[in-house]
Amino acid sequence: MSLNRVDKRKFTEIRPISIEQNYVNKDGSALFKFGDSAVLCSINGPTEVKVRDEKLDKATIDVLFKPWIGSPGTNEKTHELVLRSTLESIIQANLHPRTLIQVVCQVLMDDGSILATAINATTMALINAGISMRDIAVAVSCVICKDGTILIDPKEQEIEENQSFHTFAFNKVSLNLLFCESFGVFTEKQYFDCYELSKTAAQEVINEIHNAIKYNITNGR
Amino acid sequence: MEFRSVRTVLPGDLVSVEASDIILGPGLMQNEESIICTKAGVLMKKENSWFIDSDQKRYIPATGENVVGRIIGKVGEVYRVDIGSAHQALLPFLAFENATKKNRPALNIGDLVYARISLANRDIDPEIQCTNLDNKADGFGELKKGFMLKCSLRYCRRLFSLKTQIMESLDKKLTQKGIEIEVAIGLNGRIWFCTEKVKHAIVFYNALKEAETMSDAELLEILFSLKTQIMESLDKKLTQKGIEIEVAIGLNGRIWFCTEKVKHAIVFYNALKEAETMSDAELLEMFKNLDRKF
């Protein structure tokens with residue numbers, strides 16, 4: 001592998017992960033970092049829900065995505081939608097009917113792959129909040145460069161120079177695809193290559209998460 | 001036979017169970033032929049019973065659990081009580097010992113009660129009562145004065161299961177010193193306690209908060225020895241200075257305390273908050289030096 005990425009990483013190497021739970025005083029919270037990309041996620045719930053949002057057979061999942069600077073725009077709204085649909089597929093919402101599970105993601109540092117970071121942060125916060133889940137979701141981003149090489153977990157600079165940008169979310173048990181999002185021009189083969197590489201990287205993220213949880217439990221956090 | 005820990009699990013992990021008749025506790029779910037975990041924690045096993053010992057802050061009501069609640073309203077013949085769950089609990093006026101249509105309990109908004117969950121169903125609001133199954137008060141009812149603190153649910157459960165051990169030996173040690181502490185541990189993450197003197201409350205609060213991240217053995221240790229040590233030295237030091245503090249610790253993560261002067265309360269509050277993340281030794285040290293802060 002050549003070392004021509006901006007931060008001297010290998011093409012398929014993810015940035016160092018840092019996980020901190022109980023970051024703010026909420027029902028559950030976590031700070032997840034992919035290198036210099038950091039998202040703080042806090043969970044409130046199951047809590048009281050407004051009558052107009054109430055669902056009689058399951059919990060309402062409300063996601064707020066706050067950007068690093070400025071107020072939320074269309075991009076953030078898309079992220080909220082993506083997060084909500086991903087979460088609805090893994091949270092056991094039927095256990096808490098007529099309640100609200102509120103998820104707030106605050107970007108603390110933005111250095112690319114922010115959606116993947118947010119999905120991972122949300123997973124950690126949900127675990128911290130003790131919300132019942134069928135599975136957990138982990139996400140990894142990648143870009144395809146103009147020369148066809150695939151870079152896993154790109155930095156902001158690498159995303160700007162790319163030809164296409166992809167985000168994949170997988171579940172933990174079977175590593176099946178929960179969600180994917182792609183921008184730019186790419187061939188079918190390139191897409192499936194990205195999928196396979198992201199899958200391998202997702203396994204690394206899962207291992208990190210497992211270690212963090214184990215550490216927190218043995219240390220009584 | 002005690003429950004023993006098997007391994008650390010994450011949501012989605014599969015549990016391989018050989019026996020056919022098994023009892024699944026919190027955090028586990030049957031999915032067709034397999035058993036899957038729905039929470040992160042330590043998988044615990046006793047014969048054919050399995051559950052996941054996990055931690056959280058939000059309370060989900062379960063029938064028969066003791067809780068510390070706060071009255072937040074009166075509607076018709078019931079009180080509405082905040083027990084920390086998604087929905088407010090209902091406490092009927094007649095759910096007290098010796099209560100009749102004419103002889104109603106006199107509780108006001110903001111009062112604390114120690115109650116038992118009599119009905120918990122995900123589709124209806126939980127109901128609580130201030131009597132045991134024989135309609136006797138049995139310690140349930142209004143919690144007068146005192147202090148409530150909020151803790152994690154796991155901590156409250158642990159304190160609750162160790163309650164008799166803690167209480168017995170504490171009782172012995174404290175009675176010798178003439179110190180009285182009344183404690184109500186709510187499984188909803190709230191502990192209430194009431195002491196005669198505010199300083200005892202502070203000490204007790206700090207001890208409880210400190211012990212949150214400890215193992216059972218350490219926890220007992222701190223609640224017996226540390227506390228009495230603290231009490232002793234604090235008592236001596238604070239009495240010399242004429243400061244009195246009253247404290248109540250709720251296992252539901254709320255602590256109440258009362259001091260004569262507001263500035264003492266502030267100092268106590270800060271000390272309590274600070275001590276939350278400390279180790280045993282640090283905590284002990286801090287309590288010993290607490291008087292200097294006043």
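Predicted model: local features only at pLDDT ≥ 70, side-chain atom pairs only at ≥ 80, totals over all residues.
1. Across the interface of chain A and chain B, 3 salt bridges are found in total.

2. Polar contacts were also counted. Between chain A and chain B there are 7 residue pairs in polar contact, where both residues have pLDDT 80 or more.

3. As to which elements of chain A are involved, at least two residues each come from β3 (37–47), α2 (114–129) and α4 (188–218) on the side that touches chain B. The largest share is that of α4(A), which supplies 5 residues.

4. The composition of that side of chain A, sorted by class, is 15 polar, 13 nonpolar and 8 charged residues.

5. Regarding extent, chain A contributes 36 residues to the contact and chain B contributes 27 residues. About 2600 Å² is buried between the two chains, and carbon and sulfur atoms account for 52% of this area.

6. For annotation, an unreviewed UniProt entry assigns the feature "domain: Exoribonuclease phosphorolytic" to residues 13–131 and 135–200 of chain A. Residues 13–131 of chain A are 34% strand and 28% helix, with the end C-alpha atoms 31 Å apart. Residues 135–200 of chain A are 41% strand and 27% helix, and here the end C-alpha atoms are separated by 18 Å.

How values were computed: Residues numbered from 1 in each chain as written. Chains lettered and ligands numbered in written order. Heavy atoms only, no water. Contact = heavy atoms within 4.5 Å. Buried area = accessible area lost by both parts, 1.4 Å probe. Salt bridge = Lys/Arg side-chain N within 4 Å of Asp/Glu carboxyl O. Polar contact = N/O pair within 3.5 Å; in protein donor to acceptor, adjacent residues only side chain to side chain. Helix = DSSP H or I, 4+ residues; strand = E, 2+ residues; numbered from the N terminus. Nonpolar A, V, L, I, M, F, W, Y, C, P; charged D, E, K, R; others polar. UniProt positions renumbered as here; feature names shortened; annotations may be inferred.
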